[in-house]
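What follows is a walk through one protein chain, from its overall layout to a few individual residues. Please have the sequence and the model open while reading.

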Amino acid sequence: MANNLSFVLFSLSLIFALFSDRVVNADPDLLQDICVADLTSTIKVNGFPCKAEATADDFFFKGLSTPGSTNTTMGSVVTGANVEKLPGLNTLGVSMARIDYAPGGVNPPHTHPRATEMIFVLEGTLEVGFITTSNKLYTKNVTKGEIFVFPKGLVHFQKNNGDVSAAVLAAFNSQLPGTQSIGVTLFGSTPDVPDYVLTKAFQVGTKEIEKIKSRFAPKKN
């Protein structure tokens with residue numbers, strides 16, 4: 001009996017060791033030292049094909065060194081440092097972003113379907129929160145030097161309630177975490193989500209839905 005129990009515990013430990021990386025990492029493991037993304041390739045794969053020749057610049061990005069312009073509808077701007085901006089991240093399973101907020105600015109409710117997000121507050125104070133699949137809200141005020149984590153795939157937000165600008169650095173366990181903003185997704189998709197779906201879902205009339213859609217309509221060139 002003791003031998004069987006030892007074997008079971010050993011087997012469980014071995015399985016956990018073999019698959020622990022899959023639990024932690026959102027992206028598949030790399031199979032070579034580097035695989036710099038060839039962003040011009042027309043080949044469709046899970047990720048990006050490798051460039052034939054890599055340079056040091058493929059692993060360099062200075063876009064997070066300065067604040068982005070917060071003169072936007074939401075009073076916030078996200079500057080991504082993912083594989084589309086930093087090709088050397090291909091197959092490495094990590095990326096970053098900088099988010100800047102004007103006073104009163106908000107990074108509206110959204111999700112990252114492929115990654116957990118961790119933010120580090122550079123300046124200011126933010127009200128942050130996420131909502132679980134059981135509709136429980138976890139919210140907290142975070143200030144300069146503090147960290148908050150948003151679990152993978154859950155709806156979350158950040159709001160600058162202060163009278164000065166704020167900024168965070170965000171880290172993701174995916175080279176391309178993806179972002180779905182709830183408002184834009186439901187009211188600004190192409191083609192439109194049918195009004196009869198949204199009126200039923202939100203228990204409002206068609207006029208209200210059309211008014212909201214007009215705010216999220218893609219801008220015409």
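From the N terminus on, the elements of the chain follow the order α-β-β-β-β-β-β-β-β-β-β-α-α-α. That order contains four helices and 10 strands. The model is a predicted one, and the values below are computed from it.

Some totals for the chain come before the details. The chain has 221 residues, and 32% of them count as buried. Its accessible surface is about 14300 Å², with 61% of that area belonging to carbon and sulfur atoms. Contacts can also be sorted by distance along the sequence: of those between residues at least 6 apart, 67% join residues at least 24 apart.

How many disulfides does the structure hold? There is one disulfide in the structure, and cysteine 35 and cysteine 50 form it, with an S to S distance of 1.9 Å. The disulfide is left-handed because the torsion about the S-S bond of cysteine 35 and cysteine 50 is about -100 degrees.

Is each of these cysteines buried or exposed, or something in between? Cysteine 35 has a relative accessible area of 5% and is therefore buried, the cut-off for buried being under 20%. Cysteine 50, at 36% relative accessibility, counts as partly exposed. Proline 87 is 37 residues from cysteine 50 along the chain, and the C-alpha atoms of the two are 9.4 Å apart.

The largest pocket has a volume of about 450 Å³. Its lining is made up of 16 residues, and those nearest the centre are Thr73, Met74, Pro108, Val184 and Phe216. Which elements give two or more residues to this lining? They are S1, strand S3 (106–111), helix H2 (182–187) and helix H4 (206–216). By class, the lining of the largest pocket has eight nonpolar, six polar and two charged residues.

The second largest pocket holds about 380 Å³ of space. This pocket is also lined by 16 residues, and Asp27, Pro28, Asn46, Gly47 and Gln175 are the closest to its centre. The lining of the second largest pocket divides into seven nonpolar, six polar and three charged residues.

Where is the peptide bond that is cis? It runs from threonine 190 to proline 191, and its omega is near -10 degrees. Proline 191 is located in the loop between H2 and helix H3 (195–202).

Two residues have a phi worth checking in the model. Threonine 91 is not a glycine, yet its phi is positive, near 75 degrees. This threonine 91 sits in the loop between S1 and strand S2 (95–101). With 22% relative accessibility, threonine 91 counts as partly exposed. Glutamine 203, which is not a glycine either, has a positive phi of about 55 degrees. Glutamine 203 belongs to the loop between H3 and H4. Its relative accessible area is 63%, so glutamine 203 is exposed, exposed being over 50%.

The last stop is threonine 133, in the loop between strand S5 (125–131) and strand S6 (137–143). The relative accessible area of threonine 133 is 79%, so this residue is exposed. Leucine 154 is 21 residues from threonine 133 along the chain, and the separation between their C-alpha atoms is 7.4 Å.

Definitions and conventions. Residues numbered from 1 in each chain as written. Predicted model: local features only at pLDDT ≥ 70, side-chain atom pairs only at ≥ 80, totals over all residues. Heavy atoms only, no water. Disulfide = S-S within 2.5 Å. Buried < 20%, exposed > 50% of the residue type's maximum accessible area, 1.4 Å probe, protein only. 1 Å grid on protein atoms, 1.4 Å probe; cavity = no way out; pocket = protein on both sides within 12 Å on 5 of 7 lines; lining within 4 Å. Points joined across faces, edges and corners; volume = space filled by probe spheres on them. Nonpolar A, V, L, I, M, F, W, Y, C, P; charged D, E, K, R; others polar. Contact = heavy atoms within 4.5 Å. Areas by Shrake-Rupley, 256 points an atom, 1.4 Å probe, with all protein chains shown as cover.
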